[in-house]
Amino acid sequence: MHDDRSLVERRLDRALRERIRPAVHAEATPLDVEVWHVPGEPVPVARALEARYTPFRPGDPWGPPWGTSWFRLRGRVPEGWAGRRVEAVIDLGFTGAGPGFQAEGLVYDAAGVPIKGVHPENRYVPVTAPEVDLLVEAAANPAIPLPAPTELGDILTAGDAPIYRFGRADLAVLDETVWHLTLDVEVLRDLMAELDVADPRRHEILRALERMLDALDLHDVGATAGQARAELAGVLARPAHASAHRVSAVGHAHIDSAWLWPLRETERKAARTFANVTRLAEDYPELVFACSQAQQYAWVKDAQPHVYRRIQEAVRAGTWVPVGSMWVESDANLPGGEALARQLVHGKRFFAEEFGVDTEEIWLPDSFGYTAAFPQLAKLAGVRFFLTQKLSWNQTNRFPHSTFWWEGIDGTRIFTHFPPADTYEARLEASELARAVRNFTEKGRGTGSLLPFGYGDGGGGPTREMLEKARRLRDLEGSPRVVVEPPAAFFERALAEYPDAPVWSGELYLELHRATYTTQARTKAGNRRSEHLLREAELWAATAAVRDGAAYPYEALDGLWKEVLLHQFHDILPGSSIAWVHREARAAYERIRVELEALIPGGAGPYALNAGPFDRDEVVTVDAGALPGAVQKLEGGEVAGWASAPALGAGPLTAQAPASVPGVRVTRAGDGLVLDNGLLRVEVDADGLLASVLDLAAGREALAPGARGNLLQLHPDHPLAWDAWDIDRHYLRRHTDLTDAEEVTVTDHGPLVATVRVTRRFGDSRITQRYRLRAGSGALEFDTEVDWRESEKVLKAAFPFDVHADRSTAEIQFGHVHRPTHTNTSWDEARFEIWAHRWLHVGEPGYGMALANDSTYGHDVRRGTGEAGPVTTVRLTLLRAPHSPDPRTDRDVHKMTYALVPGADVPAAIRAGYALNLPLRAAAADPGAPLVRVADPAAVVEAVKLADDGSGDVIVRLYESLGGRVATRLRPGFGVGRAQVADLLERPLADLPSADDGGIPITLRPFQVLTLRLTAAS
């Protein structure tokens, strides 16, 4: 037989495109259209019902970027259509962009009750009455071009010219036979394309499709569609092979809480999608829709109570499954440990209280890498399973497992699945199913994988066409079996058949999007500061409640935590959203700061508050009014004093250091300056660079011979594709050392603080750094202010250390990880940019260096050879300047501080990180003895608060910080009647021995996180 496959396929494609699909709605009549253009921000439907509408026609322009127009659609179903399936078909002027990335709308009935959303792939609205009266809230969301710079990403710069032309609004008859024929053809055509040309099944499908074409009259598709379908019935009825892969399909609509749209638009995206899904379930009761992000539910609950009630009903019916266990799908690298815990606390609690559902999975399909702290936190929250697919985006290495046990830094393991179709927004097309089978790495051990399907990123969710395809693919030869079922059913089955799945230990590092550790620096600084202010506010509020019976600000803290958690979403905190999002984030963080400062005690001395977990004896800088009689005034108008404060408590603030603490001196040495406090001797050369940092106690130089420290380096920064997200390895090939100094001046001469101010200009930017050495301190601080006006550049601060370090050690949530400094393998080489929280350490046996920071996450560490041997260079990634999606990313004034601690071991690095991020603050009153003390400094207290249930119990969360075992005692500063171990949600798990004079005995495993619940004695 001659091979005419390509001819038949071309014939089929044209018939489908030009004749069959257009015949789905062959009969139509236009609706009358009127419009009301909303002046300003979106309004509730009640306001739209009262508005005055004007006539509108197809083709008329509407919608300035980010504007809202309400369309009223009216008409009557023709009498001849009685008994047929009638729909309103709406085209708002849809473009070639996908759903969620352009115009979209929510359709209401005449009473203002939401019906469903409309988008380019879901344009219909069911019509059940002869008189039609609909309202469409249409959002003129612009399509943001990536990676091109655009002003469309902020309502302040997007302009006001209409960007859409209204397409159509018709009443139409859905020809169900033609519609089903279309779906039959699409399923078989796609399946055929995936089968090998030598597979007989491919040819059987081809000839069946050919017979279908022969039976179909292209001039009268409706009349012959039934006969055409009959020609396909046989090939559609052939069952799948007995060993066919099982695809557990779950409806899904990944909705970015902000990205190429602002937060306010996500509230509406959620409402549209949720209305779509609940309406779809009425026609397809087999639908199972998995939906994460408690924040989005909360938005819909507040703004769309009708839709929310439908969600509650769908959960009861089993067609809707809350998943994810988190407040939002957060970034999984940058949030602090306590913040990640609160993501789980607030997420799980919301789902339990609103729906009676105890979620058992973390659902993060789109975050940019995953901290090795996650397995333990998940288990402590009652989570058993973890899902993502993002590591399929790796640039270099293919991840070896689809289903595996993921082991965290403490040894906890969580059963994990990466859907091998490599998508979280499948269409249930044969190519996706074939990819799932092809990529599934557990063949011979496991038999199934999970596949989330539905339009996502900008929402939309599953469609009726997807559900129809799932029905056809349930048991079809040549395809994996597709079963629509809850994620829990898949996970339980996978665990049962593969309990000895392989183990991946440590972080899940994404070999892409490494610049998200740095981009939008002010957003990151706002997050870091907010996390620590929340710690302070909770500690001092709990202290006041226990000591003085003060009212605890439950509601205020709850709201502030949720706002911080929202802004940890994986396109906000990483810096990958449009300008509007980050402008609002900066404003939100400032508002959060003001509200939290109002909850934290302060004022003039004579006390210093220490919210950190370690005792502190150090020089502090405070407002002049807080310390009358200060002996040293500083450049900025502040004064220096001395504080001695216990961990989690308060101590005296005085004007002078103890006599045993030598003062800090500044002297000249040639063209340079020398700062010396008896612990460190720092030489600053004429270029304002560190020529020497001598650790006097160890008698050892920190910097490599011939090298200079705090060398600012400027690189060109041109990623391959994703501007805000990526820093690609080729950036390392060129850089400029910023050695020219405009100013090197001593501004503070001691005795408590010595400061050298260094100013540099480069390009259109200016950087001012204050090198600060305090009496009694082993850390050299770099207070940095950058007026950053560069374009497509990255700024690094380099420290070439005289140590031979085979690994770096970086703080993560509740512990730290080690990463090689060599590039022996492709996995090592791919980590050319890494993240750390408050500190990073490098060292050799017996000696090390730490760099602490107050807002920087991105780093790189390289091992090389210098004049006298091995050199380990650590660089902080301070700033970037990408053009997309925010065309002016980070062009702003930035303030940050980092500190060098020579001779530091890991315990010293931990202390330095806390000290820099929790500065002592002056207070007028002594809050009393600390609520809790821990005998062993390896056991670090991360949170002290009152229990969320209002019982007055004190919650203490602590962790083992060094990777060893600790047997110690927690010493409460109040009478404790009962002590219990609790989970993250503060639910008691076990009783502890009663406190005695020595405290409550506790034992911690390496990196173990422990939550204690203390009930005061009556």
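These are my notebook entries on a few spots I looked up in this structure.

**Ground rules**

I am working with a predicted model, where local features need pLDDT of at least 70, side-chain atom pairs count only at pLDDT 80 or more, and totals for chains, interfaces and linings use all residues. Residues are numbered from 1 along each chain as its sequence is written, and side-chain values use heavy atoms, with hydrogens and water left out.

**Entry 1: salt bridges**

Side chains of opposite charge can pair when their charged atoms come close. I counted a salt bridge where a side-chain nitrogen of Lys or Arg is within 4 Å of a carboxyl oxygen of Asp or Glu. How many salt bridges does the structure hold? I got 91.

I started with Arg268 and Glu137, whose closest N and O atoms are 2.9 Å apart. Arg268 sits in helix α6 (residues 263-283) and Glu137 in strand β10 (residues 131-139), so I noted a link between distant parts of the chain, 131 residues apart. For the labels, helices (H or I, at least four residues) and strands (E, at least two) are DSSP runs, numbered from the N terminus. Are Arg268 and Glu137 buried or exposed? Both are buried; that word means under 20% relative accessible area, while exposed means over 50% and partly exposed is in between (1.4 Å probe, protein chains only).

Next I checked Glu151 and Arg888, which form a salt bridge with closest N and O atoms 2.8 Å apart. Glu151 is in the loop between β10 and β11 (164-165), and Arg888 is in the loop between β46 (869-880) and β47 (892-902), so this pair ties together parts 737 residues apart in sequence. Glu151 is partly exposed at 34% relative accessible area, and Arg888 is partly exposed at 43%.

Then came Arg770 and Glu635, whose side chains meet in a salt bridge of 2.8 Å, N to O. I found Arg770 in strand β37 (residues 765-774) and Glu635 in the loop between β25 (632-633) and β26 (639-645), 135 residues apart. Arg770 is partly exposed with a relative accessible area of 22%, and Glu635 is partly exposed with 31%.

Which residues do salt bridges with shared partners join into one network? I wrote down Glu41, Glu104, Glu137, Arg264, Glu265, Arg268, Lys269 and Arg272.

**Entry 2: Asn677**

I found Asn677 in the loop between β29 (672-676) and β30 (680-684). Asn677 counts as buried, at 1% relative accessibility.

What does the side chain of Asn677 reach at 2.9 Å? The backbone nitrogen of Leu679. The backbone oxygen of Arg774 also lies 2.9 Å from a polar atom of the Asn677 side chain.

Leaving out residues up to four places away in sequence, Asn677 touches several others, among them Pro662, Leu773 and Ser777. Contact here means heavy atoms within 4.5 Å.

**Entry 3: Arg819**

Arg819 is in strand β41 (residues 815-820), and it is buried, with a relative accessible area of 2%. Its side chain makes a polar contact of 2.8 Å with the side chain of Glu507. The Arg819 side chain also reaches the backbone oxygen of Trp835 at 3.0 Å. Not counting residues up to four places away in sequence, Arg819 touches residues including Asp806, Ala810, Arg831 and Ile834.

**Entry 4: helices around α16**

Two packed helices are described by the angle between their axes and the distance between the axes. My axes are lines fitted to C-alpha atoms, for helices over the stretch in contact, and angles run from 0 to 180 degrees between N-to-C directions.

The axes of α14 (residues 521-548) and α16 (residues 579-599) come within 9 Å and cross at roughly 20°. That makes α14 roughly parallel to α16; the cut-offs are under 35 degrees for roughly parallel, over 145 for roughly antiparallel, 65 to 115 for roughly perpendicular, and oblique for the rest. Among the residues that meet are Gly526 and Leu533 in α14, and Tyr589 and Leu596 in α16.

Helix α15 (residues 554-566) packs with α16 at about 150°, axes 11 Å apart. The two are therefore roughly antiparallel. Meeting residues include Leu557 and Leu560 in α15, and Ile592 and Leu599 in α16.

Methods
A polar contact is a pair of N or O atoms within 3.5 Å; within protein, one must be able to donate a hydrogen and the other to accept it, and residues adjacent in sequence count only if both atoms are side-chain atoms.
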